[in-house]
Amino acid sequence: MIYFDNGATTFPKPQSVVRAVCDTTRFFGANPGRSGHDMSLRASKIIYDCRKNAAEFFGTDDPENVVFTPNCTFALNTVIKGVLKKGDHAVISSLEHNAVARPLEFLKKYGISYSVADVVCGDDEQTLNNFRNAIKSNTRLLVCTGASNVFGIRPPVGRIAAMCKIYGILFCLDAAQTAGVVPVSVKDDGIDYLCAAGHKGLYGPMGTGVLVVNSDVVPDGLVQGGTGSMSADLNQPLALPDRLESGTPNLAGIAGLDEGIRFVRKRGEQRIFQKEIALSQRLYDGLSRIDGVELYAGRPGNNTHVPVVSFNIRGHDSEEIAALLNDRFNIAVRAGLHCAPLAHRSFDTVQRGTVRAVVSVFTQAAQIDYFVVCINKIIKLLSKKVAIDNKSVLK
Amino acid sequence: MENIITFASMTNAMRAKEALNKSRIYSRLIRTPARLRKGSCGYSLVVKSRFSQACGLIKELNIPYKEMIGDDAP
């Protein structure tokens, strides 16, 4: 199978990640941070090593500021539901995933409101103006994606973060699609909360996510429970990471995530990005030469996009194309709305969604070329089918 | 008497142990002994030598700790 569904989760994973998951499960599978025996301490060290690695990677001094979560959605919910109180207002971008939009919609019944600021592709000034105009006197939090998971567009998050500082608003970056591809430092870039998936550009296993807290405003967790610390106190410990990490952690997943981050750091985010954006441009260029293919958001640019290409075939639903790619050519892509209906409104693709092809560091140029050939064949196939259908109607 | 530094969380204890290691101060990570637990559980570092230096380093790095107990405790 040729795998272009890396926007959902990267596949394959580096061998070091697979090995770490297997070895941890086989040899060090004790509960970390709970007991005092050697294997439990070894397991705790695995967790700590990943915490430290992630802290360095995301530019925070203290490993305590790194909180492990089951996924990016959980991290975003922790921030949104932990920071906002009754009467507060939030601003989000028009490219947000449902991981951001749905918690805010849910909070409406608790007296919390939000506004959506339009991201204008290719016009950062207008985008900033839109964010500025959306801010109200009771705006407490601004959540913005590092890049659209549908169209790859990158809002000017550095400037948005700086604007938040001026207005005294907390800034949360959804780095689901950018972590491991676009370098970021919570300290240098003025990010109060960074939420990332561990299993996408960081090449860790599914079931891993990270929340990096770089603010004095520490949200209360969504979950309270055992932390292996301060057990006599029925109140949740206030200090990070225990405040936001209850219950047995995903040891094997975190061991894999640690190796995933090491893999990315060793290769270099810039190098990974350069390779992937070049492949995405090759794909975009190939598709743009085919009559009947509709492309969105412009050619992926080095400073304006992440390696995500969304397209449609004129007159056909995106799911139909994805199914043909899978059934006839053994190619994996994702179709539909990609859990981001807000983003589709900007491009009028809410009804039929888009076919999304996302490369990874393991993708080869030949696979891109083959993909383009397959899309050509699908268009010919579909036009023949239309001709036959028309004939039978005439009969 | 053993020189012990107690911590509320495993992460704090791990961070302190790592900092001490870098300064070549040997320490051993243990569950906090019953007599020091005060009804709560946590982790501690047993520091064999250069205890006052170890305590100073942990304070300097602002690593949260609960107690420093030993002959040379500051």
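How many bridges join strand β7 of chain A to β8(A), and in which sense do the two strands run?

## Before you start

What you see is a predicted model, where local features need pLDDT of at least 70, side-chain atom pairs count only at pLDDT 80 or more, and totals for chains, interfaces and linings use all residues. Residues are numbered from 1 along each chain as its sequence is written, while chains are lettered from A and ligands numbered from 1 in the order in which they are written.

## Chain A as a whole

Chain A has 11 helices and 13 strands. Those are DSSP runs numbered from the N terminus, with helices being H or I of at least four residues and strands being E of at least two. Its C-alpha atoms fill a box of roughly 80 × 55 × 40 Å along the principal axes. A compact globule of 395 residues would have a radius of gyration near 21 Å, and chain A agrees with its 22 Å. (That radius is taken over C-alpha atoms, and the globule rule is 2.2 Å times the number of residues to the power 0.38.)

Buried residues make up 52% of chain A. A residue is buried if 20 or more other C-beta atoms lie within 10 Å of its own, exposed if 12 or fewer, and partly exposed in between, with C-beta atoms placed from the backbone.

## Strand β8 of chain A

Back to the opening question: 5 bridges join β7 (residues 193-197) to β8(A), and the two run antiparallel. In this pairing, A:A197 has A:G209 as its bridge partner. Strand β2 (residues 66-69) of chain A also pairs with β8(A) in the antiparallel sense, over 4 bridges, and there A:V67 stands opposite A:L211. Strands pair if DSSP finds at least two bridges between them.

So is β8(A) buried or exposed? With 5 of the 5 residues in 209-213 buried, the strand is largely enclosed by the rest of the structure. Both faces are covered: A:G209, A:L211 and A:V213 are on one side, with A:V210 and A:V212 on the other.

## Helix α5 of chain A

Helix α5 (residues 124-134) of chain A has A:T127, A:N130 and A:F131 as its buried residues. Seen down the axis of α5(A), they fall within an arc of 95°, so they line one face of the helix; the arc is that of the directions from the helix axis to the C-beta atoms. These residues pack against β3, β4 and α6 of chain A. Turned away from the buried side are the exposed A:E125 and A:N133.

Neighbours within four places in sequence aside, A:A134 is in contact with A:V91, A:S115 and A:A117. Contact here is about C-beta atoms, placed from the backbone, that lie within 7 Å.

## Helix α3 of chain B

Over in chain B, helix α3 (residues 51-60) buries B:F51, B:A54 and B:I58. Seen down the axis of α3(B), the buried residues fall within an arc of 60°, so they line one face. Their cover includes β1, α1, β2 and β3 of chain B. On the other side, B:K59 and B:E60 are exposed.

## Where the chains touch

In all, 14 residues of chain B are in contact with 19 residues of chain A. On the chain B side, α1 and β2 each give two or more residues, and α1(B) has the largest share, with 4 residues.

Key. Contact = placed C-beta atoms within 7 Å.
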